[in-house]
Amino acid sequence: MKLHGNLIFINGLNKTDEIESISSLEEEKVKIKFYKNNTVYSYTRRNVTIEKNILNNKNASNVLEYLKRLAQNIDTENDFLFNQYEKMTQLSEKSALSKYLNQAKIDSFENKSPIIFPFGFNLSQEFAISKALTNQVSIIEGPPGTGKTQTILNIIANVSMQNKTVAIVSNNNAATMNVFDKLTKYDLSFISAFLGNNKNKDEFFANQNLTYPQFDELNNSNITFEDLEKEVIKDTHSLKEMLSAQNEVALLKQEFEELELEKKYFSEFYEKREIKAKKYANLEKFDYSKILSLWADFEYLQTRNKKISFFFKLKNIFKYGILSFSFYNYSIDTIIALLQSTFYIVKEKALKKQITILEKKLQEFNFETNMDLHSKKSMHLFKSYLSKRYKLSNKRKRFDKDILWKDFKTFIEEYPIILSTTHSLRNSTGKGFLYDYLIIDESSQVDIVAGSLALSCAKNVVIVGDLKQLPHIVSSETSVIINSIYNKYKLNPFYHYNNNLLLSITNILKDAPKTLLKEHYRCHPKIIGFCNKKFYNNELIILTKARIENDIPLVLYNTVVGNHARGTYNQRQIDVITNEILPYIGNNNVGIVSPFRKQVNELIKEVNKNSGIEVDTVHKFQGREKNTIIITTVVDGKNEFADDLNLLNVAISRAIDKLYVVLSDNEENKNMKDLIDYIKYNNFDIKESRIYSIFDLLYKNYAPYLNNYLEKMKHVSAYKSENLMNIVIENILKKIEFQHLRFVLNISLNRIIKDTSLLNEEELTFVKNPWSHIDFIIYSTITKLPILAIEVDGYAFHENNSKQLKRDKIKNCILRKSNIPLIRFPTNGSQEEEKLFKLLKELV
């Protein structure tokens, strides 16, 4: 039979171009006629497979042609990428690239082998590995310090245990070298070949180690492979329960530390109140849910301008056990403030109790020792498998470089793990060979042209990266070229070259499972806390502790007012670093980073070369870490490049113990300002503020009880407009760009306005009145500061009501003096959602 555009694989190698014809595959023996010498050979049926050439598909062919044109125009030096695309005339339907080109549904399958974790694991990593082993394409999002390399190593171990092949690539050698170094640490690099460019290949083949490691630890073990495997599986189940407890402890500790700080700010507010309710002893015996429920009952009265009735007092005897009527001798506002103050005391006790119970559970399980033992058992299992597979006592076979194209199958049997770059993998792989797995690390820095070349080499792919870190760089010259090429093809916008491979695949193959690695192991909790709130929707579980007690991990240096920046160079910031920071911090593992190369070059001249202090751009520091990081921002005005979200995330998350930030921008850059305000808040350093910080945890805990109160108000016509606005705000804040924002409704002005020195007598009286409130306050969970006040004005009530219009005017003036932006929505207006979205975009 003729080939009809199909691909023929013999023993896993593509022989299509060499074959003239093939007999029926229904026979046990398959006869194949080759062009060369007109020879016919006979093969066992199981060694021959026929696959479709996906490039016969018009859509796939069109996308590949587009990628080829990009390669031809962006790689102008030696056409290295373009030449590889030129040779790609065939592509198996089983390749990961075929799905990407066709925007096709990915394949899923069952993993019948037990999953092991010789490099240790946590719950997110276990889930990610499980998805990688059961899906043709899977995505692992790895924020800084969450163990991406550890996850990759465990995938490698499991793929190897299934006698499968895997290639690990990134856009440069640094990330793959990190994997290789970790394999070397455990005497496992002997199963890997570090290839890629010609230099790497020459080094590998020139320095092949012809002896196997001996794994002496295996000699002292009497347990069988099967029994050890059963032990490891059983231990994994019990450890997963303990890992869940460990994560819960970490989250509770995060909440406790935030509560302690917020309590400080609340105490400052509470102590300034002119009238404070006398403490009611029974309150502190309440569960905090009771405190919040009682607060909601009082707020219901306050919002509806009702007085405390005898029936209300009577009901509270049975509902809350409040027997003394002297409790009600104060105003509702004063009682609510007492309840809020008591909440912090009661909540603090509850958190401590939960933490103690879980820590005792972990201690009794001997968690850390058992985790370590489980990793050792898993490593023992992995090495036992390798010992049996390689017969480690035998001398190793030497290969020459030409083995890669002459007999790649023999080479890959000896070295089933190949490390390369996305650019060079095809040139390090036998023609038509498909790895069982491809792992692309640092994929946010991989462009779609080089990334697609790598995808063409494997059946299954694991995409590892972080969309919140730096993408690949597209120059202005390249941008003009790629736009011109893109416009000639009618393609999905996520095939545009501006999109890195991670972003492109996430949106092209939407059914590919995504896993966020949540457990964080690198930075001081306060340092990664900013990144967590600003970039990762507060989803990270911070497992680190402060290594230096009572040290301040975040330090701000604002240079004196003046225009110190000269383009991308700022001598005043350099002076601050060399004179005010470096003399007092020592040289132990210190890095200085800047967005700009010119600032780096000038700093290098002034920093002692023998000090061991490294100075480089933020881009060059990606993937690295230092105990102390100093960020020199350079700019003294608004600058989109320096204020880039991804750049800030990378710069901040390089610091393990301490972060210094040197600024000169007069708080003109929004993202940098968030960092400044976060540092000030966490250092309890905003006493000069005109406004109180919003008590985030207090209102977050109160929200469910407030919602019950809203349910009661739902059918009261006077409050329908507020309920509608409540829904509008909720919808807006679900958007990814506003994920760090929350809102509070019906908050009294006296809870917000701190500095009343600028107010006149009328305005001061208005603020002190407990009935004076803001309908909605949107605030930042990062800085705890109000972002926007929202008032919903009933048309009939406001339009012809001179008293209400006067109150509105006073409120407007108070908010303006306190620098709180305000927007008013009349109930007869329209397009509220669009207006609110636009204003919030301007503000944040």
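Colleague: How many Å separate the centres of domain 2 and domain 4?

Modeller: In this predicted model, the two centres, taken over C-alpha atoms, are 32 Å apart. The contact (heavy atoms within 4.5 Å) takes 13 residues from domain 2 and 14 residues from domain 4. Domain 2 covers 101-211 + 395-516, and domain 4 covers 523-683, with bounds from an automatic or database domain assignment. Residues are numbered from 1 along each chain as its sequence is written. Local features need pLDDT of at least 70 and side-chain atom pairs pLDDT 80 or more, while totals for chains, interfaces and linings use all residues, and side-chain values use heavy atoms, without hydrogens or water.

Colleague: Which residues of domain 2 lose the most area to domain 4?

Modeller: Buried area is the accessible area (1.4 Å probe) that two parts lose on being put together, summed over both. Here about 1,200 Å² is buried, 59% of it from carbon and sulfur atoms. In domain 2, Pro144, Lys468 and Leu470 lose the most, together 51% of what that side buries.

Colleague: What is the count of salt bridges between domain 2 and domain 4?

Modeller: The count is 0, a salt bridge being a side-chain nitrogen of Lys or Arg within 4 Å of a carboxyl oxygen of Asp or Glu.
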